[in-house]
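Subject: A structure for you to look at

Hi there,

Here is the structure I promised to pass on. Please open it next to this email and find each residue as you read.

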Amino acid sequence: MMKYTFLPVAILLLISCQTEQTEKEISTTLAQTQTVFPADEEQVDETKDAAMIEALQNQTYLNGTIMVPPQRHASVSLIMGGIIHNISLLPGEYVKKGTVILYLENPEFIQLQQTYLEATAQEEYLEAEYKRQEILSRQEAASKKRFQESKAEYLSMKSRKEAAAAQLKILGIVPEQLISDGIQPYLEVKAPISGYMTGTKMNLGKYVNAGESMCDIIDKGEAMLRLIAYEKDLDNFSTGSILSFTVNEMEDNHFRAHVISVGQEVDGVSRSLDVYAKVEGTHPRFRPGMYVTAQIEKK
């Protein structure tokens with residue numbers, strides 16, 4: 001009976017030893033796991049995320065479009081209307097300043113030239129008569145009334161000639177050349193600046209009213225940005241601030257510009273205002289109206 005008494009005790013001791021070994025293995029595994037994934041790495045990731053968020057918060061983003069300065073955008077219009085007789089260029093073509101764009105037909109243009117030439121001839125005669133009457137008046141060989149009449153006729157014709165000459169100059173005509181070249185049947189409409197033709201609103205036979213724009217000419221040699229900013233961002237930039245921007249369909253390229261003007265009036269609905277920036281350099285793919293996204297670092 002004694003040998004059967006110790007058998008359960010031996011079994012219990014064996015189970016106890018196995019349990020202690022299992023607990024040691026679990027402890028070792030946990031220690032290894034903590035070594036591979038320490039709590040410090042989570043803190044590092046959180047720090048990096050916080051730094052990235054702070055960096056983004058330090059950036060001011062503005063959206064807008066590309067434009068050209070007003071001095072490099074010209075609308076072609078005249079003080080005199082007429083029928084388009086001939087067109088020399090096509091939309092999108094490059095044109096140099098002074099090149100004839102189209103020819104306009106208007107009987108009033110011919111009459112204006114005639115008025116100038118007649119006034120020029122009459123002025124010469126009336127000036128000579130006025131000086132003759134002035135001499136006679138001094139010598140008391142003619143009446144004062146005739147002298148005053150001669151003076152009035154001369155000055156009236158002179159002003160008529162000057163008015164016609166001024167209108168011809170506005171139309172791009174050199175009045176003095178009419179004396180040698182004679183009357184021109186068609187009015188030559190010339191390009192006021194060098195650039196690309198756009199916004200064309202003309203065709204043969206069309207009647208163009210006085211003051212109506214026939215086309216636009218854009219000089220892309222200098223570009224600007226028109227950006228939309230909000231009043232909450234006003235402290236983040238000022239005149240002279242540097243910004244970088246990307247253009248739609250050209251996101252891989254980054255360009256630079258600097259602020260040259262900040263609007264002085266905030267829109268009552270959107271709480272926004274216009275900001276203008278001058279682009280440093282240019283790019284052949286730039287077109288007025290292209291959308292851009294710009295960013296300015298906080299001061």
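First, some ground rules. This is a predicted model, in which local features need pLDDT of at least 70 and side-chain atom pairs count only at pLDDT 80 or more, while totals for chains, interfaces and linings use all residues. Residues are numbered from 1 along each chain as its sequence is written, and side-chain values use heavy atoms, leaving out hydrogens and water.

Let's start inside. In soluble globular proteins, nonpolar side chains tend to be buried together. A nonpolar core here is a set of buried Ala, Val, Leu, Ile, Met, Phe, Trp, Tyr and Cys residues joined through side-chain atoms within 4.5 Å. Buried means under 20% relative accessible area, exposed means over 50%, and partly exposed is in between (1.4 Å probe, protein chains only). The largest nonpolar core has 29 residues, and Ile101, Leu171, Met202 and Met214 touch the most other members. Elements giving two or more residues to this core include β5 (100-105), α3 (107-138) and α4 (144-170). Those names come from DSSP runs numbered from the N terminus: helices are H or I with at least four residues, and strands are E with at least two. Another core lies apart from it, with 23 residues, among them Ala229, Phe255, Leu273 and Val275.

Which residues does Met202 touch, leaving aside those up to four places away in sequence? They are Ile84, Ile87, Ile101, Leu102, Met197, Met214 and Cys215. Contact means heavy atoms within 4.5 Å.

Now find Gln113 in helix α3. Is Gln113 buried or exposed? Gln113 is buried, because its relative accessible area is 0%. Not counting residues up to four places away in sequence, Gln113 touches Leu168, Leu178, Gly182, Ile183 and Gln184.

Next, follow α4, a helix of 27 residues. From first C-alpha to last, α4 reaches 39 Å, close to the 39 Å expected at 1.5 Å a residue (the expected span is 1.5 Å times one less than the number of residues). Among the buried residues of α4 are Phe147, Tyr154, Met157 and Leu168. The buried residues of α4 pack against α3 and α5 (175-181). After α4 comes Gly172, which has a positive phi, near 90°.

Finally, the charges. Side chains of opposite charge can pair when their charged atoms come close. A salt bridge here is a side-chain nitrogen of Lys or Arg within 4 Å of a carboxyl oxygen of Asp or Glu, and the structure holds 13 of them.

- Glu129 and Arg132 form a salt bridge (3.0 Å, N to O). They are separated by about one helical turn because they are 3 residues apart in helix α3. Glu129 is buried at 12% relative accessible area, whereas Arg132 is partly exposed at 43%.
- Arg146 and Glu149 also form a salt bridge, with their closest N and O atoms 3.6 Å apart. Both lie in helix α4.
- Arg256 and Glu280 meet in a salt bridge (3.7 Å, N to O). This pair links distant parts of the chain, 24 residues apart: Arg256 is in strand β12 (residues 250-262), and Glu280 is in the loop between β13 (272-279) and β14 (291-297).
- Arg72, Asp219, Glu222 and Lys278 are linked in a network of salt bridges.

Happy exploring!
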